[in-house]
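Biologist: I have a structure open and would like to learn how to read it. Could you walk me through some features?

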Amino acid sequence: MNDKRSITILFLGDIIGKPGRAIVKRYLHEASAKPDLVIANVENAAHGFGVTREHLVELKEAGVHVFTGGNHTFDRKEIFDFIESEKNFVRPANYPPGTPGQGTCLIEVAGIKVAILNLMGRVFMEPLLSPFLVADEQIARLKQDTSLIIVDVHAEATAEKVALGWYLDGRVSAVLGTHTHIQTADERILPGHTAYITDVGCCGPYNGVIGMDQESVFRRLIKQLPSRLEVAKGPAMLNGVLLKLDSVSGFAMSIERVRFLE
């Protein structure tokens with residue numbers, strides 16, 4: 001039985017296309033201290049939209065253990081070929097019953113069980129089931145196996161993410177926001193010992209518009225014309241958070257922003 005009191009978890013924000021995958025591989029290879037568990041949001045890993053089996057294999061070999069999704073999870077039809085068999089790949093749990101895939105997973109690291117729950121916000125996004133009520137159901141179930149629960153809240157509105165943080169405080173180890181691709185500077189430990197940040201940021205092009213090529217975005221925003229969004233070129237950045245959790249109580253001991261530039 002493992003008697004280690006704490007566990008370190010690196011959570012990486014939305015990986016965007018080839019530049020994002022490349023910088024994740026570089027960072028994990030060069031990191032002097034290896035976290036016990038690496039979780040990454042991969043809904044943009046396939047050229048900005050969705051993810052393929054090949055990309056999951058690539059990131060697994062780089063050292064990522066668990067993959068989370070969001071509103072782009074089902075953008076590529078090949079997802080249906082492997083989403084059921086990839087037990088460490090989770091899509092938002094508040095999709096309707098019967099949606100392929102799973103909204104949670106349980107992984108054991110050095111004898112310590114960690115649960116991951118993926119939720120999607122509803123403000124300015126798809127009208128899914130309530131992330132608050134689905135969280136209640138899923139957390140009650142996950143608590144039967146572990147006190148360590150990491151929640152990826154993939155949402156547009158900061159208020160919705162903040163509300164979920166407070167709502168889940170004391171019941172989960174961390175509530176980590178994704179989707180908006182811009183790392184926020186509000187990381188903290190809430191009074192109930194839950195780590196929180198509104199958005200962990202993204203892993204992708206540094207000079208793009210949230211990862212996308214500037215000109216393709218200008219065409220949409222300035223000329224109001226249809227434009228195919230392309231992943232930007234140039235140097236990349238990596239954004240995430242490093243968590244230290246008490247492996248017995250599940251309480252967050254620290255949360256630290258991670259930022260790495262090429």
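Biologist: Let's start with Phe132: is it buried, partly exposed or exposed?

Modeller: This is a predicted model, so keep that in mind throughout. Buried means under 20% relative accessible area and exposed means over 50%. Phe132 has 22%, so it counts as partly exposed. Tyr167 is partly exposed too, at 34%.

Biologist: What kind of aromatic pair do Phe132 and Tyr167 form?

Modeller: Planes over 60 degrees apart count as edge-to-face, and those under 30 as stacked. Here the planes of Phe132 and Tyr167 are at 75° and the centres 5.3 Å apart, making the pair edge-to-face. Phe132 sits in helix α3 and Tyr167 in helix α4, 35 residues apart, and the pair links distant parts of the chain.

Biologist: How many aromatic pairs are there?

Modeller: The count is 4. One of them is Phe74 with Phe80: their planes are at 20° with 5.6 Å between centres, so this pair is stacked. Ring pairs also join Phe74, Phe80 and Tyr95 into a cluster.

Biologist: Now helices. How do I find the inward side of one?

Modeller: An α-helix has 3.6 residues a turn, so residues three or four places apart point the same way. Take α2, residues 53-62: His55, Leu56, Glu58, Leu59 and Ala62 are its buried residues. Down the axis of α2 they fall within an arc of 160°, so they line one face. The face turned away from that buried side carries exposed Glu54 and Glu61.

Biologist: What covers the buried residues of α2?

Modeller: The cover includes β2, α1, β4 and β5.

Biologist: How many salt bridges does the structure hold?

Modeller: There are 9. Among them is Glu187 with Arg257, at 2.8 Å between the closest N and O atoms. Glu187 lies in the loop between β9 and β10 and Arg257 in strand β14, 70 residues apart. Salt bridges with shared partners also tie Arg21, Lys25 and Glu58 into one network.

Technical notes
Residues numbered from 1 in each chain as written. Predicted model: local features only at pLDDT ≥ 70, side-chain atom pairs only at ≥ 80, totals over all residues. Heavy atoms only, no water. Buried < 20%, exposed > 50% of the residue type's maximum accessible area, 1.4 Å probe, protein only. Helix = DSSP H or I, 4+ residues; strand = E, 2+ residues; numbered from the N terminus. Arc of directions from axis to C-beta. Contact = heavy atoms within 4.5 Å. Phe/Tyr/Trp six-rings, centres within 6.5 Å; stacked < 30°, edge-to-face > 60°. Salt bridge = Lys/Arg side-chain N within 4 Å of Asp/Glu carboxyl O.
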